[in-house]
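This briefing covers aromatic contacts and helix packing. The model comes below, followed by the findings grouped by topic.

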Amino acid sequence: MSKLILFLVLNFAALALGGLATGSGVTSEWYANLNKAPWTPPGWVFGFAWTSIMICFSFYMALLWPKLENENMFLLILYSLQWLLNVSWNPVFFSWHQTKFALVLIVALTLLIAYFLYSYWPALKLKSLLLLPYFLWLLIATSLNAFIVIKN
């Protein structure tokens with residue numbers, strides 16, 4: 001239970017920092033004037049999706065951690081890299097308007113979550129499906145970012 005609470009705190013801290021870094025980015029003139037993908041969901045979907053994703057990811061990490069006693073340092077490095085990539089995307093995209101670099105970050109994050117799904121499936125089996133919302137959302141988010149890079 002303590003691992004779950006720790007991962008919930010860490011994951012929601014990432015969301016909070018990302019939200020702070022976004023600032024008025026979503027409502028900014030810069031973002032409003034971008035050519036966005038026709039499949040861009042309404043704004044409220046992002047908050048709902050990320051909240052759900054981080055809850056599932058917290059359970060996933062809390063279940064995975066004890067299964068990998070000999071690999072916890074490597075898992076910690078992977079988790080930290082995921083955390084940094086996740087948090088850094090918001091300022092890169094919304095504050096610095098570096099859409100190409102943001103695309104590199106989100107592709108790296110997507111590949112890292114795919115690595116989690118593939119590599120740790122044997123340890124968690126069907127419980128690995130807790131990670132599926134994160135992976136699927138990243139595929140959508142990557143496509144949205146890529147569309148902006150291509151069309152702007």
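A charge counts as sitting over a ring if NZ of Lys or CZ of Arg is within 6 Å of the ring centre and within 35 degrees of the ring normal. Lys36 lies over the face of Tyr31, at 4.5 Å from the ring centre. The model is predicted, so local features need pLDDT of at least 70 and side-chain atom pairs pLDDT 80 or more, while totals for chains, interfaces and linings use all residues. Residues are numbered from 1 along each chain as its sequence is written, and side-chain values use heavy atoms, without hydrogens or water.

**Aromatic pairs**

- Rings of Phe, Tyr and Trp (its six-membered ring) pair if their centres lie within 6.5 Å; planes under 30 degrees apart are stacked, over 60 edge-to-face and the rest tilted.
- By this rule there are 19 aromatic pairs.
- Phe57 and Tyr79 are stacked, at 5.9 Å centre to centre with 20° between the planes.
- This pair links distant parts of the chain, 22 residues apart: Phe57 is in helix H3 (residues 43-64) and Tyr79 in helix H4 (residues 72-95), helices being DSSP runs (H or I, at least four residues) numbered from the N terminus.
- Both Phe57 and Tyr79 are buried, meaning under 20% relative accessible area (1.4 Å probe, protein chains only).
- Tyr60 and Phe116 pair edge-to-face, at 6.3 Å centre to centre and 70° between the planes.
- Tyr60 lies in H3 and Phe116 in helix H5 (residues 99-119), so this pair ties together parts 56 residues apart in sequence.
- Tyr60 and Phe116 are buried too.

Notes:
Helix = DSSP H or I, 4+ residues; strand = E, 2+ residues; numbered from the N terminus. Buried < 20%, exposed > 50% of the residue type's maximum accessible area, 1.4 Å probe, protein only.
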